[in-house]
Amino acid sequence: MIHGVLVVCAGNICRSPVGEALLRQALPGLKIASAGLGALVGHGVEPTAARLAEADGLDVSGHRARQLEEFMVREADLILVMSEGQRLALAKRFPFATGKVMRFGHWVPSHDGHGVDIPDPYRRDEEVFVRVHCTLTEAARLWQARLGG
């Protein structure tokens, strides 16, 4: 049974905090957290990502980026990363966790039927942030359906 979900991206300021907020809203009975593989420790959510999240009724104002640490990996029942590269990097760093790491976009329909990577919008234009936000929203809805929310 899944009790805790850890959402991971690179800097923990764009994708993973928004993914965390979406899952927290969709699955209130679960412990949801986020972290970064190379976190911009202490930073809040990137302003464009925060604006899009808040427009959807999500509160990301209290978020502060934090670095992924072993205890977080051990505590989580499911770890959701944004890309296949991140899945491989996490598995290499924490081999014991390989079986509980999946992509956040795993269930999103794709041309090959294997889900999607969610690209990093950091330092890109607003259009990229909007596409990423929409993909995160769809992916969170699909996870909610599978995790019983």
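Let me start with Cys134: its sulfur lies 15 Å from the closest cysteine sulfur, that of Cys14, which is too far for a bond. A disulfide here means a pair of cysteine sulfur atoms within 2.5 Å. Cys134 is partly exposed, at 48% relative accessibility. On that scale, buried is under 20% relative accessible area, exposed is over 50%, and partly exposed is in between, with a 1.4 Å probe and protein chains only.

Before going on, the basis. This is a predicted model, in which local features need pLDDT of at least 70 and side-chain atom pairs count only at pLDDT 80 or more, while totals for chains, interfaces and linings use all residues. Residues are numbered from 1 along each chain as its sequence is written, and side-chain values use heavy atoms, with hydrogens and water left out.

Back to the sulfurs. For Cys9 the closest cysteine sulfur is again in Cys14, at 6.9 Å, too far for a bond. Over the whole structure, the search finds 0 disulfides.

The unreviewed UniProt entry has an "active site" annotation covering Cys9, Arg15 and Asp120. These residues are spread over 112 residues of sequence but cluster in space, with a largest C-alpha distance of 8.3 Å. Of these residues, Arg15 is included in the lining of the largest cavity. UniProt positions are in the numbering used here, feature names are shortened, and annotations may be inferred rather than shown by experiment.

Now their surroundings. Cys9 sits in strand E1 and is buried, at 2% relative accessibility. Helices (H or I, at least four residues) and strands (E, at least two) are DSSP runs, numbered from the N terminus. Contact means heavy atoms within 4.5 Å. Setting aside residues up to four places away in sequence, Cys9 touches Arg15, Ser16, Ala35, Gly36, Leu37, Met82 and Gln86.

Arg15 belongs to helix H1, residues 15-26, and is buried at 4% relative accessible area. Beyond four places in sequence, the residues it touches include Cys9, Asp120, Met82 and Gln86. Ser16 is also found in helix H1, with a relative accessible area of 0%, so it counts as buried.

Next, Tyr122. It is in the loop between strand E4 (101-103) and helix H5 (126-147), and at 31% relative accessible area it is partly exposed. Past its neighbours within four places, Tyr122 is in contact with Ile13, Cys14, Leu40, Glu46 and Phe129. From Tyr122 to Phe71 the C-alpha distance is 27 Å, across 51 residues of sequence.

Phe71 brings us to the last item: which residues line the largest pocket? They are Gly4, Val5, Leu6, Lys31, Ala33, Arg66, Phe71, Met72, Glu75 and Ala76. On a 1 Å grid over the protein atoms alone, a cavity is a set of points where a 1.4 Å probe fits but cannot get out, and a pocket is an open set with protein on both sides within 12 Å along at least five of seven lines; lining residues have an atom within 4 Å of a point.

Strand E1 (4-9), strand E2 (31-36) and helix H3 (70-75) each supply at least two residues of that lining. The pocket holds about 150 Å³ of space.

How values were computed
Grid points are joined across faces, edges and corners, and a volume is the space filled by probe spheres set on the points.
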